[in-house]
Amino acid sequence: MEKKNCALATMKDVANVAGVSTATVSRTLMNPDKVSARTRQKVESAVLEVGYYPHNLTKNLRRNESRAILVIVPNISDPFFTEVIRGIEETAAEHGYLVLIGDCKHQQQQEHAFINLLITKRIDGMVLLGSNIPFDVSKEEQKNLPPMVMANEFAPDLELPTVHIDNLTSAFNATYHLQKLGHKRIACITGPETMPLCHYRLQGYIQALHRTGEAIREDYIVRGDFTHESGAELAEILLNLPEPPSAIFCHSDIMAIGAMWQAKKMGLKLPEDLSVIGFDNLNLAQYSDPPLTTVAQPCYEIGYYSILLLLEQLQGRIVSKGSRLLDAELLIRASTCSPKS
(Lines give C-alpha, C1' and ligand atoms only; values in the text may rest on other atoms or scores of the structure.)
Protein backbone atom coordinates (compact mmCIF):
# COMPACT_ATOMS: atom_id res chain seq x y z
CA MET A 1 0.00 0.00 0.00
CA GLU A 2 1.27 3.47 -0.83
CA LYS A 3 2.41 5.46 2.19
CA LYS A 4 0.01 8.23 3.12
CA ASN A 5 0.62 11.64 4.54
CA CYS A 6 -0.10 11.38 8.28
CA ALA A 7 -2.75 14.12 8.03
CA LEU A 8 -4.68 12.11 5.42
CA ALA A 9 -4.41 8.58 6.78
CA THR A 10 -7.67 7.18 8.18
CA MET A 11 -8.70 4.41 10.52
CA LYS A 12 -9.87 2.51 7.45
CA ASP A 13 -6.33 2.68 6.05
CA VAL A 14 -5.06 1.16 9.26
CA ALA A 15 -7.70 -1.57 9.13
CA ASN A 16 -6.82 -2.44 5.52
CA VAL A 17 -3.11 -2.74 6.25
CA ALA A 18 -3.67 -4.71 9.47
CA GLY A 19 -6.32 -6.95 7.91
CA VAL A 20 -8.89 -6.24 10.64
CA SER A 21 -12.09 -4.24 10.99
CA THR A 22 -12.19 -0.55 11.86
CA ALA A 23 -13.93 -1.55 15.11
CA THR A 24 -10.92 -3.67 16.03
CA VAL A 25 -8.60 -0.76 15.26
CA SER A 26 -10.65 1.52 17.50
CA ARG A 27 -10.72 -1.07 20.29
CA THR A 28 -6.95 -1.56 20.05
CA LEU A 29 -6.23 2.15 20.29
CA MET A 30 -8.70 2.86 23.09
CA ASN A 31 -8.38 -0.36 25.11
CA PRO A 32 -5.24 -2.26 24.03
CA ASP A 33 -5.59 -4.77 26.86
CA LYS A 34 -8.94 -5.88 25.43
CA VAL A 35 -7.42 -7.41 22.28
CA SER A 36 -4.95 -10.22 21.73
CA ALA A 37 -1.23 -9.50 21.60
CA ARG A 38 -1.15 -10.62 17.95
CA THR A 39 -3.96 -8.25 16.95
CA ARG A 40 -2.44 -5.39 18.91
CA GLN A 41 0.90 -5.90 17.16
CA LYS A 42 -0.74 -5.90 13.71
CA VAL A 43 -2.69 -2.72 14.43
CA GLU A 44 0.26 -0.92 16.00
CA SER A 45 2.47 -1.79 13.03
CA ALA A 46 -0.20 -0.59 10.61
CA VAL A 47 -0.63 2.71 12.48
CA LEU A 48 3.11 3.34 12.27
CA GLU A 49 3.19 2.34 8.60
CA VAL A 50 0.44 4.67 7.41
CA GLY A 51 1.17 7.43 9.93
CA TYR A 52 -2.38 7.53 11.33
CA TYR A 53 -3.31 10.26 13.82
CA PRO A 54 -6.42 9.50 15.90
CA HIS A 55 -8.95 12.21 14.99
CA ASN A 56 -9.68 13.31 18.52
CA LEU A 57 -5.98 14.00 19.11
CA THR A 58 -5.11 15.69 15.82
CA LYS A 59 -6.20 19.11 17.02
CA ASN A 60 -4.06 18.84 20.12
CA LEU A 61 -1.13 17.58 18.08
CA ARG A 62 -1.31 20.52 15.65
CA ARG A 63 -1.30 22.91 18.56
CA ASN A 64 1.62 21.01 20.10
CA GLU A 65 -0.34 20.66 23.35
CA SER A 66 1.12 17.30 24.36
CA ARG A 67 4.24 19.02 25.71
CA ALA A 68 5.76 15.66 26.67
CA ILE A 69 9.07 14.07 25.72
CA LEU A 70 9.89 10.38 26.08
CA VAL A 71 13.43 9.51 27.19
CA ILE A 72 14.49 5.91 26.57
CA VAL A 73 17.13 4.80 29.11
CA PRO A 74 19.09 1.54 28.72
CA ASN A 75 19.17 0.96 32.49
CA ILE A 76 17.72 3.42 35.00
CA SER A 77 19.75 1.74 37.77
CA ASP A 78 23.03 2.83 36.21
CA PRO A 79 24.10 6.01 38.09
CA PHE A 80 25.78 7.37 34.94
CA PHE A 81 22.36 8.33 33.57
CA THR A 82 21.34 10.34 36.66
CA GLU A 83 23.14 13.52 35.63
CA VAL A 84 22.25 13.10 31.94
CA ILE A 85 18.57 12.86 32.85
CA ARG A 86 18.89 15.90 35.13
CA GLY A 87 20.23 17.89 32.18
CA ILE A 88 17.31 16.67 30.08
CA GLU A 89 14.61 17.33 32.66
CA GLU A 90 15.77 20.80 33.74
CA THR A 91 16.21 21.98 30.15
CA ALA A 92 12.88 20.50 29.05
CA ALA A 93 11.11 22.10 32.02
CA GLU A 94 12.54 25.52 31.14
CA HIS A 95 10.80 25.17 27.77
CA GLY A 96 7.52 23.88 29.19
CA TYR A 97 7.94 20.17 28.48
CA LEU A 98 7.30 17.19 30.73
CA VAL A 99 9.77 14.28 30.57
CA LEU A 100 8.60 10.67 30.66
CA ILE A 101 11.20 7.97 31.37
CA GLY A 102 11.15 4.60 29.60
CA ASP A 103 13.53 2.07 31.14
CA CYS A 104 14.48 -0.59 28.59
CA LYS A 105 16.09 -3.04 31.01
CA HIS A 106 13.31 -3.18 33.57
CA GLN A 107 10.35 -2.66 31.22
CA GLN A 108 11.17 -5.32 28.65
CA GLN A 109 7.53 -6.42 28.53
CA GLN A 110 6.27 -2.88 27.98
CA GLU A 111 7.00 -2.55 24.27
CA HIS A 112 3.32 -2.04 23.46
CA ALA A 113 3.11 0.70 26.12
CA PHE A 114 5.86 2.67 24.34
CA ILE A 115 4.14 2.11 21.00
CA ASN A 116 0.80 3.21 22.42
CA LEU A 117 2.37 6.52 23.48
CA LEU A 118 3.57 6.99 19.92
CA ILE A 119 0.47 6.03 17.99
CA THR A 120 -1.85 8.07 20.19
CA LYS A 121 0.55 10.99 19.79
CA ARG A 122 0.83 11.65 23.51
CA ILE A 123 4.49 12.56 23.16
CA ASP A 124 6.07 15.19 20.94
CA GLY A 125 9.57 13.76 20.67
CA MET A 126 12.04 11.18 21.93
CA VAL A 127 15.60 11.13 23.29
CA LEU A 128 17.43 7.80 23.03
CA LEU A 129 20.18 7.36 25.61
CA GLY A 130 21.10 3.99 24.13
CA SER A 131 21.52 2.66 20.62
CA ASN A 132 18.27 0.71 20.39
CA ILE A 133 14.72 1.83 19.68
CA PRO A 134 12.69 -0.29 22.16
CA PHE A 135 10.20 -1.48 19.55
CA ASP A 136 10.45 -3.06 16.15
CA VAL A 137 9.93 -0.58 13.33
CA SER A 138 11.18 -0.56 9.77
CA LYS A 139 13.19 2.25 8.20
CA GLU A 140 10.06 3.42 6.39
CA GLU A 141 7.98 3.38 9.58
CA GLN A 142 10.61 5.49 11.36
CA LYS A 143 9.54 8.37 9.11
CA ASN A 144 6.16 8.42 10.88
CA LEU A 145 7.66 8.53 14.37
CA PRO A 146 7.99 11.83 16.25
CA PRO A 147 11.34 13.66 16.11
CA MET A 148 14.17 11.73 17.76
CA VAL A 149 17.62 12.60 19.08
CA MET A 150 20.31 10.24 20.31
CA ALA A 151 22.46 11.14 23.30
CA ASN A 152 25.51 9.43 24.81
CA GLU A 153 25.60 6.63 22.23
CA PHE A 154 26.42 6.87 18.52
CA ALA A 155 24.73 4.56 16.01
CA PRO A 156 25.30 5.73 12.41
CA ASP A 157 22.70 3.31 11.00
CA LEU A 158 19.87 5.16 12.80
CA GLU A 159 20.85 8.45 11.10
CA LEU A 160 19.81 10.63 14.04
CA PRO A 161 21.13 13.95 15.36
CA THR A 162 23.46 12.80 18.13
CA VAL A 163 25.24 14.30 21.15
CA HIS A 164 28.16 12.33 22.53
CA ILE A 165 31.89 12.30 23.27
CA ASP A 166 34.75 10.78 21.29
CA ASN A 167 34.89 7.45 23.12
CA LEU A 168 37.77 6.10 21.03
CA THR A 169 40.09 9.04 21.69
CA SER A 170 39.11 9.15 25.38
CA ALA A 171 39.95 5.47 25.81
CA PHE A 172 43.21 5.95 23.90
CA ASN A 173 44.19 8.78 26.24
CA ALA A 174 43.37 6.73 29.34
CA THR A 175 45.46 3.79 28.14
CA TYR A 176 48.28 6.05 26.98
CA HIS A 177 48.41 7.64 30.43
CA LEU A 178 49.14 4.20 31.91
CA GLN A 179 51.79 3.62 29.26
CA LYS A 180 53.49 6.94 30.07
CA LEU A 181 53.65 5.84 33.70
CA GLY A 182 55.62 2.80 32.54
CA HIS A 183 52.98 0.08 32.49
CA LYS A 184 53.48 -2.72 29.96
CA ARG A 185 50.88 -5.18 31.24
CA ILE A 186 47.60 -3.26 30.83
CA ALA A 187 44.28 -5.13 30.92
CA CYS A 188 40.86 -3.87 29.83
CA ILE A 189 37.46 -4.58 31.37
CA THR A 190 35.01 -3.66 28.63
CA GLY A 191 31.26 -3.12 28.74
CA PRO A 192 28.48 -5.05 26.96
CA GLU A 193 29.15 -6.07 23.37
CA THR A 194 25.71 -4.74 22.33
CA MET A 195 26.72 -1.15 23.14
CA PRO A 196 28.53 0.66 20.29
CA LEU A 197 30.39 2.94 22.70
CA CYS A 198 32.12 -0.12 24.17
CA HIS A 199 33.47 -1.00 20.72
CA TYR A 200 34.93 2.49 20.40
CA ARG A 201 36.48 2.36 23.88
CA LEU A 202 37.99 -1.04 23.20
CA GLN A 203 39.36 0.22 19.89
CA GLY A 204 40.97 3.17 21.68
CA TYR A 205 42.67 0.78 24.11
CA ILE A 206 43.91 -1.41 21.25
CA GLN A 207 45.19 1.55 19.24
CA ALA A 208 47.20 2.80 22.21
CA LEU A 209 48.87 -0.60 22.54
CA HIS A 210 49.57 -0.70 18.81
CA ARG A 211 51.17 2.75 18.96
CA THR A 212 53.79 1.57 21.44
CA GLY A 213 54.25 -1.81 19.78
CA GLU A 214 52.68 -3.80 22.61
CA ALA A 215 51.10 -7.15 21.71
CA ILE A 216 47.32 -7.46 22.16
CA ARG A 217 46.75 -10.15 24.77
CA GLU A 218 43.32 -11.74 24.49
CA ASP A 219 43.46 -12.88 28.12
CA TYR A 220 43.81 -9.24 29.15
CA ILE A 221 40.49 -8.25 27.51
CA VAL A 222 37.41 -9.30 29.49
CA ARG A 223 33.78 -8.25 29.12
CA GLY A 224 31.64 -6.91 31.96
CA ASP A 225 28.16 -5.42 32.29
CA PHE A 226 28.77 -2.06 34.03
CA THR A 227 28.12 -3.45 37.54
CA HIS A 228 30.33 -3.54 40.63
CA GLU A 229 29.98 -7.31 40.65
CA SER A 230 31.33 -7.80 37.13
CA GLY A 231 34.24 -5.45 37.84
CA ALA A 232 35.17 -7.46 40.93
CA GLU A 233 34.72 -10.87 39.32
CA LEU A 234 36.71 -9.97 36.22
CA ALA A 235 39.48 -8.32 38.23
CA GLU A 236 39.85 -11.55 40.18
CA ILE A 237 40.23 -13.50 36.92
CA LEU A 238 42.82 -11.04 35.60
CA LEU A 239 44.81 -10.91 38.83
CA ASN A 240 44.95 -14.71 39.03
CA LEU A 241 46.58 -15.02 35.61
CA PRO A 242 50.12 -16.47 35.57
CA GLU A 243 51.29 -13.00 34.48
CA PRO A 244 48.74 -10.61 35.99
CA PRO A 245 48.37 -7.03 34.73
CA SER A 246 49.94 -4.13 36.58
CA ALA A 247 47.11 -1.83 35.42
CA ILE A 248 43.47 -2.15 34.41
CA PHE A 249 41.46 0.25 32.22
CA CYS A 250 37.74 -0.13 32.95
CA HIS A 251 34.92 1.07 30.70
CA SER A 252 33.01 2.50 33.67
CA ASP A 253 33.71 3.87 37.14
CA ILE A 254 31.33 1.31 38.61
CA MET A 255 33.37 -1.61 37.26
CA ALA A 256 36.62 0.15 38.24
CA ILE A 257 35.48 0.50 41.86
CA GLY A 258 34.47 -3.16 41.86
CA ALA A 259 37.91 -4.06 40.51
CA MET A 260 39.68 -1.99 43.19
CA TRP A 261 37.57 -3.60 45.90
CA GLN A 262 38.56 -7.05 44.66
CA ALA A 263 42.25 -6.17 44.38
CA LYS A 264 42.32 -4.94 47.99
CA LYS A 265 40.42 -8.05 49.08
CA MET A 266 43.22 -10.11 47.50
CA GLY A 267 45.81 -8.22 49.54
CA LEU A 268 47.10 -5.84 46.89
CA LYS A 269 48.05 -2.27 47.73
CA LEU A 270 46.64 0.38 45.40
CA PRO A 271 48.01 1.94 43.32
CA GLU A 272 51.48 0.51 44.05
CA ASP A 273 50.51 -3.07 43.12
CA LEU A 274 47.76 -2.21 40.65
CA SER A 275 46.77 0.99 38.86
CA VAL A 276 43.10 1.39 37.86
CA ILE A 277 41.40 3.86 35.51
CA GLY A 278 37.63 4.24 35.18
CA PHE A 279 35.31 6.05 32.80
CA ASP A 280 32.47 8.57 33.43
CA ASN A 281 33.64 10.55 36.50
CA LEU A 282 30.65 9.70 38.66
CA ASN A 283 30.41 11.67 41.90
CA LEU A 284 31.52 8.65 43.90
CA ALA A 285 34.78 8.33 41.90
CA GLN A 286 36.51 11.12 43.83
CA TYR A 287 35.49 9.50 47.14
CA SER A 288 36.68 5.97 46.35
CA ASP A 289 39.77 4.58 48.08
CA PRO A 290 42.04 5.62 46.46
CA PRO A 291 40.30 8.39 44.50
CA LEU A 292 39.76 7.12 40.98
CA THR A 293 41.56 8.34 37.86
CA THR A 294 38.82 8.50 35.23
CA VAL A 295 37.57 9.95 31.98
CA ALA A 296 35.18 12.79 32.85
CA GLN A 297 32.11 12.90 30.63
CA PRO A 298 30.04 16.12 30.49
CA CYS A 299 26.91 14.24 31.57
CA TYR A 300 24.65 17.23 32.27
CA GLU A 301 25.69 18.88 29.00
CA ILE A 302 24.90 15.72 27.05
CA GLY A 303 21.34 15.93 28.35
CA TYR A 304 21.14 19.70 27.89
CA TYR A 305 22.27 19.75 24.26
CA SER A 306 20.15 16.73 23.32
CA ILE A 307 17.01 18.60 24.37
CA LEU A 308 18.07 21.72 22.48
CA LEU A 309 18.47 19.61 19.33
CA LEU A 310 15.05 18.07 19.86
CA LEU A 311 13.41 21.45 20.49
CA GLU A 312 14.82 22.76 17.20
CA GLN A 313 13.02 19.94 15.39
CA LEU A 314 9.80 20.49 17.35
CA GLN A 315 9.91 24.14 16.31
CA GLY A 316 10.00 23.09 12.67
CA ARG A 317 13.67 23.73 11.96
CA ILE A 318 15.75 21.37 9.85
CA VAL A 319 18.33 19.64 12.04
CA SER A 320 21.18 17.81 10.33
CA LYS A 321 21.91 14.20 11.20
CA GLY A 322 25.19 13.09 12.68
CA SER A 323 27.46 13.89 15.62
CA ARG A 324 27.77 16.83 17.94
CA LEU A 325 30.94 16.00 19.89
CA LEU A 326 31.44 17.29 23.43
CA ASP A 327 34.81 17.38 25.17
CA ALA A 328 35.87 14.70 27.65
CA GLU A 329 38.81 15.05 30.04
CA LEU A 330 41.12 12.59 31.76
CA LEU A 331 41.12 13.38 35.49
CA ILE A 332 44.28 12.03 37.12
CA ARG A 333 43.80 11.03 40.75
CA ALA A 334 45.51 8.65 43.17
CA SER A 335 44.46 5.30 41.68
CA THR A 336 47.32 5.33 39.15
CA CYS A 337 51.10 5.46 39.53
CA SER A 338 54.21 3.94 37.99
CA PRO A 339 54.51 0.15 38.36
CA LYS A 340 56.93 -1.51 40.72
CA SER A 341 60.31 -2.01 39.10
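Let me begin with a definition: by relative accessible area, a residue is buried under 20%, exposed over 50% and partly exposed in between, using a 1.4 Å probe and protein chains only. By that scale E83 is partly exposed, with a relative accessible area of 29%.

The structure before you is a predicted model, in which local features need pLDDT of at least 70 and side-chain atom pairs count only at pLDDT 80 or more, whereas totals for chains, interfaces and linings use all residues. Residues are numbered from 1 along each chain as its sequence is written, and side-chain values use heavy atoms, with hydrogens and water left out.

I shall stay with E83 and turn to salt bridges. A salt bridge here is a side-chain nitrogen of Lys or Arg within 4 Å of a carboxyl oxygen of Asp or Glu. By this rule the count comes to eight salt bridges. One of them pairs E83 with R86, whose closest N and O atoms are 2.6 Å apart. R86 is also partly exposed, at a relative accessible area of 35%. Both residues belong to helix α5 (residues 80-94); being three residues apart there, they are separated by about one helical turn.

A second salt bridge joins the side chains of E214 and K184, at 3.7 Å from N to O. E214 lies in the loop between α9 and β7 (221-223), and K184 in the loop between α8 and β6 (186-190), so this pair ties together parts that are 30 residues apart in sequence. E214 is partly exposed at 22%, while K184, at 60% relative accessibility, counts as exposed.

K264 is partly exposed at 35%; D289 is exposed, with a relative accessible area of 56%. Finally, salt bridges that share partners join E83, R86 and E90 into one network.

I now move to helix packing. Axes are lines fitted to C-alpha atoms, for helices over the stretch in contact, and angles run from 0 to 180 degrees between N-to-C directions. Angles under 35 degrees count as roughly parallel, over 145 as roughly antiparallel, 65 to 115 as roughly perpendicular, and the rest as oblique.

How do the axes of α8 and α9 cross, and at roughly what angle? The axes of helix α8 (residues 167-180) and helix α9 (residues 196-211) come within 7 Å and cross at roughly 40°. The two helices are therefore oblique to each other. Taking contact as heavy atoms within 4.5 Å, the residues of α8 that take part include L168, F172 and Y176, and those of α9 include L197, Y200 and Y205.

The other pair is helix α1 (residues 11-18) with helix α3 (residues 37-50), packed at an angle of about 125° with axes 8 Å apart. α1 and α3 are therefore oblique to each other as well. In this contact D13, V14, V17 and A18 of α1 meet K42, V43, A46, V47, E49 and V50 of α3.

Notes: Helix = DSSP H or I, 4+ residues; strand = E, 2+ residues; numbered from the N terminus.
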